[in-house]
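Me: I have a chain open here and want to go through it piece by piece. Can you take my questions as they come?

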Amino acid sequence: GVTCADGGEHACDDVILATGYRPQLQEFMPEVDGLLDERGYPRVRAAEAQPGLYFVGFSNPPTGFLRGIARDAVRVAEHIGAAA
């Protein structure tokens, strides 16, 4: 589920957090110790960083940013589907 800044709570099966160009994940997830590198980017990408937690779109491969996101998203979806 999700707890909002105003205290509201919402039951959810999934949450997608789109952070933009500067993720600053520490602001959304105070318990990120060990998950982020010195720049604040995830150490693990397109794989399960913690149970049920995936990071997509934090790399820029030579083949292109959008293609990299698409590839990573497919990997994550396949992993989730295999676990279901």
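Me: Let's start with Asp72. Is Asp72 buried or exposed?

Reply: Asp72 is buried, because its relative accessibility is 3% and the cut-off for buried is under 20%. Keep in mind that this is a predicted model.

Me: Which element is Asp72 in?

Reply: Asp72 sits in helix 1, which covers residues 65-83.

Me: And what is Asp72 in contact with, leaving aside neighbours within four places in sequence?

Reply: Asp72 has contacts with Ala46, Val56, Gly57 and Ser59 once those neighbours are set aside.

Me: Step back a bit. How many helices and strands does the chain have?

Reply: There are one helix and four strands. Read from the N terminus, the order is β-β-β-β-α.

Me: What about overall dimensions and burial?

Reply: The C-alpha trace spans about 40 × 35 × 20 Å along its principal axes. The chain has 84 residues, and 21% of them count as buried.

Me: How much accessible surface does the chain have, and what share belongs to carbon and sulfur?

Reply: The accessible surface is about 6,500 Å², with 53% of that belonging to carbon and sulfur atoms.

Me: What share of the contacts is between residues 24 or more positions apart?

Reply: Such pairs make up 15% of the contacts in the chain with a separation of 6 or more.

Me: Back to single residues. Where is Asp37?

Reply: Asp37 is in the loop between strand 2 and strand 3, that is, between 9-10 and 48-50.

Me: Why does Asp37 count as buried?

Reply: Because its relative accessible area is 17%, and anything under 20% counts as buried.

Me: Which residues does Asp37 touch?

Reply: Not counting residues up to four places away in sequence, Asp37 touches Arg43 and Arg45.

Me: Now Pro23. Where is it, and is it buried or exposed?

Reply: Pro23 is in the loop between strand 2 and strand 3. Pro23 counts as buried, at 5% relative accessibility.

Me: Ala11 next. Buried or exposed?

Reply: Ala11 is exposed, because its relative accessibility is 84% and exposed means over 50%. Ala11 also lies in the loop between strand 2 and strand 3.

Me: How far is Ala11 from Leu53?

Reply: Ala11 and Leu53 are 17 Å apart in space, C-alpha to C-alpha, and 42 residues apart in sequence.

Me: Last topic, pockets. How much space is in the largest pocket?

Reply: About 1,400 Å³. Its lining takes in 35 residues, and those nearest the centre are Val15, Ile16, Leu17, Tyr54 and Phe55.

Me: Which elements give two or more residues to that lining?

Reply: Strand 1 (2-3), strand 3, strand 4 (53-54) and helix 1 do.

Me: Which of the elements gives the most?

Reply: Helix 1, with five residues in the lining of the largest pocket.

Methods. Residues numbered from 1 in each chain as written. Predicted model: local features only at pLDDT ≥ 70, side-chain atom pairs only at ≥ 80, totals over all residues. Heavy atoms only, no water. Buried < 20%, exposed > 50% of the residue type's maximum accessible area, 1.4 Å probe, protein only. Contact = heavy atoms within 4.5 Å. Areas by Shrake-Rupley, 256 points an atom, 1.4 Å probe, with all protein chains shown as cover. 1 Å grid on protein atoms, 1.4 Å probe; cavity = no way out; pocket = protein on both sides within 12 Å on 5 of 7 lines; lining within 4 Å. Points joined across faces, edges and corners; volume = space filled by probe spheres on them.
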